[in-house]
Amino acid sequence: MTLLDAPAPSSGAFVPPKPQRLVDHFEYGLDAPICLTWELTYACNLSCVHCLSSSGRRDPRELSTEECFAIIDELQRMQVFYVNIGGGEPTVRPDFWEIVDYATAHNVGVKFSTNGVKITPERAEQIAANDYIDVQISLDGATPEVNDWIRGPNSYAMAMQAMENMQAAGMKNFKLSVVCTRQNIPQLDEFKAIADQYGAQLRLTRLRPSGRAADVWDELHPLPEQQRELFDWLVAHDGEVLTGDSFFHLAAYGQELQGLNLCGAGRVVCLIDPIGDVYACPFAIHDEFLAGSVRDEGGFQSVWRESELFTRLRQPQSGGACSSCQFFDSCKGGCMAAKFFTGLPMDGPDPECVQGFGEQALEQIKNGEMKGDKPKPSGDHSHRTTPPRPRQGPAPTGMGPVRVTLSARRPDAPPVSACDESPVAGLAPARLSGRRSGVQAPPASACDESPLAGFAAELAARQREGGPAPSASVGVSGCGCGSADDGGCCSTAG
């Protein structure tokens, strides 16, 4: 059963009952979201295996600076408290800091997520000086071996350097954001120690099987015994750790954790993607959860207040098989996105139901006893040059950057377009070695799709001066932008 297939009220418009608790106000929706997630770009310098938006390459249709300003104006009129800005890696967008400054100047606070690639000492000081900016730095392993297997080579060192810069700038209580996986649940104490070391606050979030995580869900999601370990750890550290209300499914252990313990999709939160499409949930980027577009007449406010999808989500939801469970009022059947992308019905149990009902339902689907389709996310923006990750065994160690060795088709070939779709445009295979040094080609575009942008021009310059032929090399984090040495998205230039 899909969201829009659910039976509509028998007559008239739905009138919610009079709220008895604060959470009741949220369950039936608000006139404006308390906060919303806004993915500014799909461009990213990393290729995390669990990326919820399958990011990597920039979408050429993404909202312009002026359109972003218009959305901020609308959010200010609606009195939205703040936006969670993400991506992709939002800081690689050239106008990112301009958008942040515009938002805070118009009373819309900003919390942005970053892998740290652009958090230089100067940018850290800028962030620390603005009381309306918060930042969360992503780290998914307390050691390089665990983190870099999930997020990419050298991403651990990059995040740690960003935290050092934030601490040196005097920023207090910035967030260390961790997606809980099978590999890092044993490291919870170590994550807390890292956060304390840098004066940060630890924020744990749940892994969902959306985006690229759908392909690695079976090997990354915590085991049943680890769910209990996580719950006990959160209870023991009550009030010390943020969770983003991610773990309300754990309430079925018999104790509610801090937070709403409610799926806020379309009720108090939503997502604006890089091209202006509005989804009910940041973890459910699929046409099934598409409510409209900010580019449509009426803008974001019209989507939030009038979309058919959001109206349906704010009506009482059937508990289905879960309604008879004594813990249903606590967990509300779990995460909508987790159910959807594992093929479970919307009124079925969470796939990680701690009472075991989700595991039973998945086994029934596997055995053909129950119908269930595992839909794919609606879009994939992954780097085309990203190599496949290992899909079995323990998290590997010692993974190095992927190197590409190519040469020009002819010495006098003109530089290819910096926005060319092909990663080998104007180039032909050859045996070349060595990193770029010496003669430098003109800087390539920071948003370039190709991992070899500017390489042909550099080769021609080298050959004119009689220097050795260079090799193209994917940058420190495997981003594919090809401009690590030229101030592109892999560099730390502000």
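The count of disulfides (pairs of cysteine sulfur atoms within 2.5 Å) comes to zero. Cys51 is in no disulfide; the nearest cysteine sulfur, in Cys48, is 6.5 Å away. For Cys331, the closest cysteine sulfur belongs to Cys322, at 6.1 Å, which is too far for a bond.

This is a predicted model: local features need pLDDT of at least 70, side-chain atom pairs count only at pLDDT 80 or more, and totals for chains, interfaces and linings use all residues. Residues are numbered from 1 along each chain as its sequence is written, and side-chain values use heavy atoms, with hydrogens and water left out.

Relative accessible area sorts residues into buried (under 20%), exposed (over 50%) and partly exposed (in between), with a 1.4 Å probe and protein chains only.

| Residue | Relative accessible area | Class |
|---|---|---|
| Cys51 | 14% | buried |
| Cys331 | 12% | buried |
| Asp189 | 49% | partly exposed |
| Ala193 | 44% | partly exposed |

Which residues gather in a patch of negative charge on the surface? They are Asp189, Glu190, Glu225 and Glu229. Patch residues have over 30% relative accessible area and no salt bridge, and like charges are joined within 9 Å. A salt bridge puts a side-chain nitrogen of Lys or Arg within 4 Å of a carboxyl oxygen of Asp or Glu. Helix 7 (188-197) and helix 9 (224-236) each give two or more residues to the negative patch. Helices are DSSP runs (H or I) of at least four residues, numbered from the N terminus.

Asp189 lies in helix 7. Ala193 is also placed in helix 7. Ala193 and Ala142 are 51 residues apart in sequence, with C-alpha atoms 9.4 Å apart in space.

Terms used
Patches are made of residues with over 30% relative accessible area and no salt bridge: like charges are joined within 9 Å, nonpolar side chains (Val, Leu, Ile, Met, Phe, Trp, Tyr) within 5 Å. Accessible areas come from the Shrake-Rupley method with a 1.4 Å probe; for residues, only the protein chains shown count as cover. Lys and Arg count as positive and Asp and Glu as negative; His and the chain ends are not counted. The place of a charge is taken as NZ of Lys, CZ of Arg, CG of Asp or CD of Glu.
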